[in-house]
Structure formats: structure tokens, C-alpha cells
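Hi,

Here is the structure I said I would pass on.

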Amino acid sequence: MLKTYTIKKGFHASTPFGFKPLIRSVQGNAYFDKAFASYELIPANEQGDWNKLTGITFNPLVRNSNAIMIGWRYFEGKFQFCPYFNYDGGKIIFPKPEEIITFKGDSGYLYFSVDYNKIRIKSDQQEVITMVPSQVKPNYLTSSRVQPWFGGNMAAPKDIKIMLWI
């Protein structure tokens, strides 16, 4: 189902909000366009922080304490995507450089699938498959889908729109 998610200026969470519990996997497509989802942060050193596109959290009350997610950012004039993991109450496993997909143009589609074992991210020019690290502890009974989220540390500097087919 196609949904356009909006992250309003000054906020982190996207709307429309839709809680989806008991998740084993998330798969679909996303569309990013420079006109609707690019941004510039001040101070500039925050520009490299990863936002979250979607994924699975195993603690819906603290989404980033134990989770398998797809990160995204607008960095150096391009959209980038990566596997992104939280564990042990919020520790982060950042992507390796070879795990980062960069759109070549100002817009594009991204295919993704996330499950308890791996993340697959694919653009028209690159594909990354990353196994879930052993530090992440899946738990079906507390699982829920992550929806688009801005930040890092800073809130959205402008309205951001992302189209997702999940």
C-alpha cells in the first residue's frame, strides 16, 4: 500500500502514525525526491547523522533500543541509505562504507527487505545485503514496524515527504 509520510519541520516522527505490532519482516519500496526530502542542517556536522526509513524494533516504547532498521540521509548533495542497528538499550552499529548506497541523481526508488536475519537494500545501481549482528536480540512478541523518523540529534529543518510502498 502506498503512503506518503510527512515529517513536519521541528519534529522527528512522521505522520500518518500507524502502529504495526508482531512483525517478522518489512519489505517494499521507497521514493525519495530532492524537492521533497532534501535538507540542510546547521550546524553542518549534524548533516552526517542517519535518519530512519523503516525496519523492526523489538521495544516499541523505545524504538532505538533494540532494532533492525534502514538508515537514510541527505549528505553532500545526495541521498544515502544503509543498514542501521541498535542494541543493548541504544548502542549503535554504524554501517561500513561499502554498506552505504548512494543515489546518483536527485531522485530514485529504493527496494528494501528487513527480517530477523538480514537487511537487503537495492537501488537501480547498487545492492547491499547485511546480516543482523548477534548483539541485536529479536523478540516477536515485542516487535513492531518502524516508520520514517528524522534524526539523529536534530529535528527536521523543514517539512520532509517520503513515499513508501509496504
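The charged end of Lys52 sits over the ring of Tyr84, 4.6 Å from the ring centre. Arg63 does likewise with Trp149, its charged end being 4.2 Å from the centre of that ring. To count as sitting over a ring, NZ of Lys or CZ of Arg has to be within 6 Å of the ring centre and within 35 degrees of the ring normal.

Before you go further, bear in mind that this is a predicted model: local features need pLDDT of at least 70, side-chain atom pairs count only at pLDDT 80 or more, and totals for chains, interfaces and linings use all residues. Residues are numbered from 1 along each chain as its sequence is written, and side-chain values use heavy atoms, with hydrogens and water left out.

Arg63 turns up again in the largest pocket: 14 residues line that pocket, and those closest to its centre are Phe17, Pro60, Arg63, Arg145 and Gln147. The volume is about 260 Å³. Strand 11 gives the largest share of the lining, 3 residues. (Strands are DSSP runs of E, at least two residues, numbered from the N terminus.)

There is also 1 cavity of 30 Å³ or more, and the largest cavity holds about 40 Å³ of space. Its lining is made up of Tyr39, Leu41, Glu46, Asp49, Asn51, Phe150, Gly151, Gly152, Asn153 and Met154. Both terms come from a 1 Å grid over the protein atoms alone: a cavity is a set of points where a 1.4 Å probe fits but cannot get out, a pocket is an open set with protein on both sides within 12 Å along at least five of seven lines, and lining residues have an atom within 4 Å of a point. Grid points are joined across faces, edges and corners, and a volume is the space filled by probe spheres set on the points.

Now the rings. The count comes to 14 aromatic pairs, where rings of Phe, Tyr and Trp (its six-membered ring) pair if their centres lie within 6.5 Å, with planes under 30 degrees apart called stacked, over 60 edge-to-face and the rest tilted. Phe32 and Phe81 make an edge-to-face pair, 4.9 Å centre to centre with 70 degrees between the planes. This pair links distant parts of the chain, 49 residues apart: Phe32 is in strand 2 (residues 25-33) and Phe81 in strand 5 (residues 78-87). Phe32 and Phe81 are both buried, that is, under 20% relative accessible area (1.4 Å probe, protein chains only; exposed is over 50%, partly exposed in between).

Trp72 and Phe150 are edge-to-face as well, at 6.5 Å centre to centre and 75 degrees between the planes. Trp72 and Phe150 are buried too. One aromatic cluster takes in Phe32, Tyr39, Trp72, Tyr74, Phe79, Phe81, Phe103 and Phe150.

Phe103 also touches Ser123, as do Ile101, Tyr109 and Leu110, leaving aside residues up to four places away in sequence; contact here means heavy atoms within 4.5 Å. You'll find Ser123 in the loop between strand 9 (118-122) and strand 10 (127-131), and it is buried, with a relative accessible area of 5%. A polar atom of the Ser123 side chain lies 3.1 Å from the backbone nitrogen of Gln125.

Last one: Tyr116, in the loop between strand 8 (107-115) and strand 9. A polar atom of its side chain lies 2.7 Å from the backbone oxygen of Ile23.

Cheers

How values were computed. Helix = DSSP H or I, 4+ residues; strand = E, 2+ residues; numbered from the N terminus. Polar contact = N/O pair within 3.5 Å; in protein donor to acceptor, adjacent residues only side chain to side chain.
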